[in-house]
Amino acid sequence: MTTCTFSATLSSILSRYHHRQVHRRLFLSVHRLDLMAQSFHTTLPKSTTIFTSSTSPSCTLFFIFTLCIISIYTLHHHNRHPPPPSTTIQHPPFSSTFLTSASNHTISNYLRHLTLHPHLAGTPPSSAVANYVKSQFESFHIQTHVTNYSVLLSYPLHSSLTAHFSNTTAVPLTLTEPGVGSGSSSGVVKPYHAYSPSGSAYGKAVYVSHGREEDYRALAAVGVEVKGCIAVVKRGGGMSRNAVAAKAAEKGVVAVVMFTAGTGGGVERGTVLDGVGDPLTPGWGASGGDVERLRVEDSEVLRRFPVVPSLPVSAETAEMILESLGGARVPHLWRDSDILGKFDRVGPGPTFLNFTYKGENKVGVIQNVFGVIKGSEEPDRFVVLGNHRDAWTYGAVDPNSGTASLIDIARRYSLMMRMGWSPRRTIYLCSWDAEEFGMVGHGSGRIGSTEWVEQNLVNLGSKAVAYINVDCAVQGPGFFTAATPQLDDILVEVTKKVTDPDFSGSTLFEKWIRNTEGPPLIERLSDVFSDFSPFFHHAGVPSVDLYYGKDFPVYHTAFDSYDWMVKYGDPFFHRHVAVAGVWGLLALHLTDDPVLPFNYLSYAAQLQNHTRSLYKLIKEDVSLDPVTSAIGELADAAKQVEEEMKKMKEEEMKGHVSVLKRRMLNDRLMFAERGFLDSDGIQGRQWFKHLVYGPANEGKLGFFPGVADAIYGSKRQDVIQHEIWRVGRAIQRAASALKGELT
C-alpha cells in the first residue's frame, strides 16, 4: 500500500467520524504527514536518509500509521477536554500584565495634558480635551467613536454683589478667586450657578445656615423674618444647591448667596438644575439635529429651574457680610458651626446687599467619547467603564484624575491584546461630557451619560452586564467604594490583588479593613452624585463607584489644578495607580469570568438588614410582611443559583462545558437587578425606577426611597403600606428573574 493510498483510506474512515471539526484537523494532520514523508525521501542526502532504498514500504507505512494514531489520540483527547478560553482568569499572566504594566509616570503625563486649560462643557477647550482622549484610544488601536448631543447649557454673562454697611459705605465684594484671572484671558469661568435665573435684588442680608426647613424654623423661633431678604447660606447639611434655592423661594427670600467653608479663598461653582439629563429632551436622547425638543418656556422645562437667582462666593467674602450682621443671636441649633467664633448674630441687616446676575441658557454640543474592545465569545454582552471629562475649571481632581486613569486602563488593555488577550465579553470605555451641568445632588442626573443611556436603553437593559464608574479617582487618602450588593464579594477579592499606595508591602484590602475595624465598608448607590445614576437608577444595571479620598478643599474652584494634585492630592500618583488597578481588574473579572461573579446572597442579606432598620420607624398597623416574604424568596433563589454555579464550575473543571447552560445562568444573574425596577418609578420622580436604592426627598433612610418619602412626607399609614407592597413586588420580580422560571 502506498502512502497516498493509505492517506485516502484513512480519510475515508475519518469521513464517518462523528466529530466534523476533529475530522478536519485529522485530515490536515495526515496531509502534513504525507508531505513530511515525501520530503524525507526527496530532500535528504542518501547518507542521512531516514528511509533508505533498502527500507521496505511496509516499514514506511508502519511509521506513518504510528504517527497518525498518535495524532488521532491527541486530537480526540483534546476535543474531550478542551482547554479553557484564553482569558485573564485561566491565564494569570494577562491579569498579571495588567497590574505590573501600571505606570504612575504615564498617568501623571495624561493628567498634565488633560488639565493644561480649563474645559467647561460646550466650549472649544472642552472639544480639544475630547479629541485628546479620542487620539489616545486610537493610538492604542482601540475602536473609537464620538457621539454628539445638542443639549441646553448655561453660562454667565455678568454678576456683581455690593455690600451697603450701616456706616453708609458701599463695598463691591470680590466674586473671583484671589490671584486667578477670570474671563477670556485665562479661560477660567467666573464663579456662577448654571441655570440660575437672571435677576437683580436689593435687601437685608440674613444668615440661614444650610437653608434647611429646620433652619428656617429655628430663625422663626427667635423672631427672624426672612421675607424680602437676601439669604447667606453655608453649603452642606444634605442640601443640594437647587434645594437651597427652592426652599429660599418658598420662604420669600429674593436672592441667595452660597459659600463653602475651608476652600482657602476658592469659590465653588456648580449648578442649580433639578431633574435628570437635558431639560429639553426629558426621557429621550438628544443626539442629532432631528429630535423632538421642548421649548425653554414650557412648564416642564421651567419647573427644573429655581425662581430666585443665586451666586457662589468665597468663605472670606461671606464672613465679611456675616461679621457685619446685627439682629437676633445665632440659634442654639447651629452652635457646632465652624465659623461661629467670628460672629454671633444672624440679622436681618443692618447690612444690605445689592445683587445682580445675568446668565444665558443656550443649546450647545457636547461629546461622549467611546473606546470599544469587542468580545470574542459574547460580543453582545457589555461591561461598561465610565468617567466624565468636563470640568468647571482645570479639573485635576474632578474629574480628570479619573480620565487619566481610564486612559491608562485602555493602554494596559491594548498591551494585553498585543500579547494575545481577547476579552470574552465586549468592553466599553466611556468618557462622558457635561456631567457637571447636571450635578446637583439629590434628584439630578448627569447630562452626557443620561442622554446616552436614554438613547440606548433597550440594548443596555438586555445586554449590559455591569457599569463601573470613577468620577474623582483621587481626592486624598483612603479608599472608598459604593456598589450594588451582588458585587460585594468580587470587589473585595480584587482589592486583595492591588497594592496599597500608602503602605508598602500591604494590599489595598488589608488597609481597607484596618480603617473600618471590621468587614470592608461598601456604601450603597442611593444618592445621585455621579454618572452611575442613569445606568443604575433608570436602567437597572449592576453598578460600582470607586474613589480615593472623601472630600477635597478645592472642589469646583480654580485651584483644582495639576499643581494641587502634585503638591497635596497624590504627589507620586500611586493612588491613581491603585484606583486604576481596582477599576481595570474588576472589569476583567466581569468581562472574562465564564460565570458572572455575582452573589445574590449578599443582596438578600443586605435587604434583611434594611428591613430590620425599617421596623424601628413604622407603627404597628403597618406590616412589613410583603417585604420579608419577598426577601425569603430571593434568598431561596440565590441559594439555588449558588449551587448551580458550584456544579457548573466543577463540570467545567472536568471539561464538560455547556455553553448554552452557562449563558442561561449568566442571563439570570444579569437580569435579576432589573427586577427591582418599577415602571411607575418613585412617586413624584418617575424617571428613578429602582425601588430599593434611589434618592428620597427626605434623604433619611438610604434605601426604599418610596417608603422613606411616605414615612417622612405624607405619614399616612395607607400610603406607607402601599409603598411597602411595591417594594415587596419588586423583590419578588428580582427573585423570579434569578430563578428564570414562570410561575
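## A buried proline in a loop

At 14% relative accessibility, P597 counts as buried, because the cut-off for a buried residue is under 20%. In this predicted model, P597 belongs to the loop that links helix 18 (574–592) and helix 19 (600–615).

Sequence distance and spatial distance give two separate views of P597. Along the chain, P597 and Q486 are 111 residues apart, whereas their C-alpha atoms are 8.3 Å apart in space. When neighbours within four places in sequence are set aside, P597 is in contact with Q486, I490, H589 and L590.

## The protein as a whole

The protein contains 23 helices and 18 strands. It has 743 residues, of which 56% count as buried.

The contacts between residues at least 6 apart in sequence may also be considered. Of these contacts, 79% join residues at least 24 apart.

Strand 5 is joined to two strands described here. Strand 4 (residues 199–207) runs parallel to strand 5 and is connected to it by 3 bridges; V206 stands opposite A231 of strand 5. Strand 6 (residues 255–259) also runs parallel to strand 5, and 5 bridges join this pair. Here the bridge partner of I230 is A255 in strand 6. Together with helix 8 (residues 241–250), strands 5 and 6 make a right-handed β-α-β unit.

## Helix 5 and the helices it packs against

Helix 5 (residues 104–114) packs with helix 11 (residues 400–418) at an angle of about 130 degrees, and their axes are 9 Å apart. That angle makes helix 5 oblique to helix 11. The crossing of helix 5 past helix 11 is right-handed. On the helix 5 side, the contact involves T106, I107, Y110, L111 and L114; on the helix 11 side, it involves N400, S401, T403, A404, S405, I407, D408 and R411.

Helix 5 also packs with helix 6 (residues 124–139), at an angle of about 150 degrees and with the axes 10 Å apart. These two helices are therefore roughly antiparallel to each other. N109, Y110, H113 and L114 of helix 5 make this contact with V129, Y132, V133 and Q136 of helix 6.

## M565 in helix 17

M565 is a residue of helix 17 (residues 562–569). Its relative accessibility is 0%, and M565 therefore counts as buried. M565 and G476 lie 89 residues apart in sequence, and their C-alpha atoms are 9.1 Å apart in space.

Apart from neighbours within four places in sequence, M565 is in contact with L111, A396, V397, S401, V474, D570, P571, F573 and H576.

## Backbone features in loops

Most residues other than glycine have a negative phi, and most peptide bonds are trans. A cis peptide bond joins G347 and P348, with omega at about 0 degrees. Another cis peptide bond joins G349 and P350, with omega at about 5 degrees. P348 is placed in the loop between strand 11 (345–347) and strand 12 (352–373), and P350 lies in the loop between strand 11 and strand 12 as well.

T168 has a positive phi, near 75 degrees, although it is not a glycine. This residue lies in the loop between strand 1 (143–164) and strand 2 (170–172). Its relative accessibility is 72%, so T168 counts as exposed. A434 is another residue other than glycine with a positive phi, in this case near 60 degrees. A434 is found in the loop between strand 14 (425–432) and strand 15 (444–445). At 0% relative accessibility, A434 counts as buried, whereas T168 counts as exposed.

Note on methods: Residues are numbered from 1 along each chain as its sequence is written. This is a predicted model: local features need pLDDT of at least 70, side-chain atom pairs count only at pLDDT 80 or more; totals for chains, interfaces and linings use all residues. Side-chain values use heavy atoms; hydrogens and water are left out. Two strands pair if DSSP finds at least two bridges between them. Helices (H or I, at least four residues) and strands (E, at least two) are DSSP runs, numbered from the N terminus. A crossover is right-handed if, with the strands pointing away from the viewer, the path from the first strand over the helix to the second runs clockwise. Axes are lines fitted to C-alpha atoms, for helices over the stretch in contact, and angles run from 0 to 180 degrees between N-to-C directions. Angles under 35 degrees count as roughly parallel, over 145 as roughly antiparallel, 65 to 115 as roughly perpendicular and the rest as oblique. A crossing is left-handed if the near helix is turned anticlockwise from the far one by less than a right angle, and right-handed if clockwise. Contact means heavy atoms within 4.5 Å. Buried means under 20% relative accessible area, exposed over 50%, partly exposed in between (1.4 Å probe, protein chains only).
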